[in-house]
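Hi,

Here is the structure I promised to pass on. Have a look first, and then read my notes below.

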Amino acid sequence: MDETISKEKIVEMDEIARKVRRHIIQMIYEAGSGHPGGSLSAADVIVSLYFGMMNHKPEDPKWPDRDRFVLSKGHAAPALYGCLAESGYFPIEELKTFRRIGSRLQGHPDMRKTPGVEASTGSEGQGLSMGLGMALAGKLDRKPYTVYVMVGDGENDCGQIWEAAMAASFFKTDNLIAIIDRNMLQLDGPTHKVMSIEPLADKWRAFGWNVLEANGHNIGELLDALNKAKQTKGMPSIIIAHTIKGKGVSFMEGAVGFHGKVPSEEQYKKAMIELGEGTA
Amino acid sequence: MNKTHWDVEPQRPAFSRALVALGNTRKDVVVASADLSSSCGTAAFAQEFPERHYNFGIAEQNMISACAGLATTGKVVFASSFAIFCTGRVYDQIRQSVCYPRLNVKIVATHAGITVGGDGATHQMIEDLALMRALPNMTVVVPADAPETEKAILAAADYDGPVYIRLGRANVPVCTTGKDCQDFEIGKSTLMRDGDDVTLVGTGIMVAKCLEAAEELAKHQVSARVINLSTIKPLDEKILVKAARETGCMVTAEEHSVVMGMGAAVALVLVENAHVPMKRVGIPDSFGESGEPEELMEKYGLTVDNIVDGAHDVIKRRGR
Ligand SMILES: Cc1ncc(C[n+]2csc(CCOP(=O)(O)OP(=O)(O)O)c2C)c(N)n1
């Protein structure tokens, strides 16, 4: 896509991100279960990818040359579903079926059920390896596509992440770009209290990756970093996206308690107002 | 035991209470979590005994092998996570570092089975019994309800060797309050209700369903025996063979895949010792999906009706 993105385009994407956030809250509230915190923190990154970076065709989800996005932290499925619906992969109405029996929108992403979902994830730590496989195939077949993988910061605890990290730099998959949702929290608490992953940038550099950092809620900065990553040759890139868990809903921001908790009716209404319900 | 309207209670708080009790009475008990202490029920122990609790983060393989290391020094180690993350994902670590050297690591798997609900197939562990019972030196326990959970945890601490304990997420009927259920012993099952026409063997949350099915069958003048098979390995072969011989047919019920679960284990015992018509009630050979627990139980064939139909079927096949 065009590398110099206009201000208007960014304003437009910010608006889409707000819509996606409303979808997230609504889906989880209606389903009565799900993970709001990590979905809200991931929303701007995923919107940047689908609306500002990726070469994809919602009307032809299996187009072989498409760029791919793997949500390794699969519990943020609502953010992905919101983006896919806004992109036109399936009707926005269908978001209401999230987590219901018989639905195409499973609690965690299912590549066999949902158009646009590239990998079945939910067990943390496996998505980067799956993305690596897609990137290796892209190299083998001389395909032009790029593979993007979003990894949680807590997910960096998983040993398999580092197996993939080592292999990706060894195989020089510069068509693989990872984004860490660095929201400083995991399930049991702050990452530095549960299992410290710092110095994170140095670790990834030591594993042979080109490391970039960006404000994960600033779409302009994200696109900048993503474009730099895309231009880097000979090695995979990773963007540490600094985010806030629960971003956009005041009482969910930075709150461990909203990792996997459903808002009450009152909280739901408040969240929807904060996210600009009725304005667009 | 004719009552079929029990109080309901989740199993995890019982696990949590038992761990804290053990922490108080035994200094050799240590506990490990993998970023799920708040969900699994190990957080209370961590609060009380922070120096004896290790949170390994989202790193289950490391957790299991480190638990093995702790156990080599004489510790009795309880490791807990969701069943999906502490069985298949760590199968090799359990096999090589826990079971082969026969170490005192007790794996307490919560959120097992399809009743996990909304999280969907990626989180519904329905083949853990198959995996765990295949392992030499492993003991596999599936408590029926909260009180039995507490007893099983305490028993596991005293038991020498690796133990796998399977717990659910949802509320379960408290059905093991009867006099026959008081003495819990690993490897021993409980006769919950006597009967002559058919035997219903349940494990975990399906024990209460078997008792309900027995009530239902009684209305049709069918007298059903109900066994709570709380240990899947080693199997209480004696009670199974006796029941098969005396009632002449059997139905098993488990919230697990019918492929190599409890029913399959029982079938092998019957084939070799008391060949009678048998029916396995369980999840067909498929993955689950998102949905409400009760909806999923219905869709995947885990209802009282499924057990009753199974009973009629085996009685017909026995032809008596
Ligand atoms: C292997 C594995 N272990 C445990 C879990 C349960 N779990 C779901 S989300 C989560 C915490 C995730 O933290 P992070 O990756 O930082 O995601 P975020 O905080 O952005 O939601 C855990 C432990 C899991 N999904 N997979």
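One cut-off before we start: a residue counts as buried when its relative accessible area is under 20%, and as exposed when that area is over 50%, with partly exposed in between. Arg99(A) sits at 5% relative accessibility, so it counts as buried. Keep in mind that this is a predicted model.

Now for the charged pairs. Over all chains, the structure holds 31 salt bridges.

What does Arg99(A) pair with? Its salt-bridge partner is Asp119(B), with the closest N and O atoms 2.7 Å apart. This pair crosses between chains: Asp119(B) is in the loop between strand 5 (105-110) and helix 6 (128-133) of chain B, while Arg99(A) is in the loop between helix 3 and helix 4 of chain A. Asp119(B) is buried too, with a relative accessible area of 15%.

Within chain A, look for the salt bridge between the side chains of Arg104(A) and Glu94(A), at 2.7 Å from N to O. Both residues lie in the loop between helix 3 (77-87) and helix 4 (127-140) of chain A, 10 residues apart. Glu94(A) is buried, at 15% relative accessible area, whereas Arg104(A) is partly exposed at 35%.

In chain B, Asp160(B) and Arg102(B) meet in a salt bridge at 3.5 Å, N to O. Asp160(B) is in the loop between helix 7 (146-158) and strand 7 (163-166), and Arg102(B) is in the loop between helix 5 (91-99) and strand 5, so the pair ties together parts of chain B that are 58 residues apart in sequence. Arg102(B) counts as partly exposed, at 40% relative accessibility. There is also a network in which salt bridges with shared partners join Asp194(B), Arg225(B), Lys242(B) and Glu246(B).

Last stop: helix 12 of chain B, residues 304-318. Its 15 residues reach 21 Å from first C-alpha to last, close to the 21 Å expected. Which of its residues are buried? They are Val304(B), Ile307(B), Val308(B), Gly310(B), Ala311(B), Val314(B), Ile315(B) and Arg318(B). Seen down the axis, these buried residues fall within an arc of 160°, so they line one face of helix 12. The face turned away from them carries the exposed residues Asp305(B), Asp309(B) and Lys316(B). Among the elements covering the buried residues are helix 8 (206-219), helix 9 (237-247) and strand 13 (250-257) of chain B. Just after the helix, Gly319(B) takes a positive phi of about 60°.

Cheers

Notes:
Residues are numbered from 1 along each chain as its sequence is written. Chains are lettered from A and ligands numbered from 1 in the order in which they are written. This is a predicted model: local features need pLDDT of at least 70, side-chain atom pairs count only at pLDDT 80 or more; totals for chains, interfaces and linings use all residues. Side-chain values use heavy atoms; hydrogens and water are left out. A salt bridge is a side-chain nitrogen of Lys or Arg within 4 Å of a carboxyl oxygen of Asp or Glu. Helices (H or I, at least four residues) and strands (E, at least two) are DSSP runs, numbered from the N terminus. Buried means under 20% relative accessible area, exposed over 50%, partly exposed in between (1.4 Å probe, protein chains only). The expected span of a helix is 1.5 Å times one less than its number of residues. The arc is that of the directions from the helix axis to the C-beta atoms. Contact means heavy atoms within 4.5 Å.
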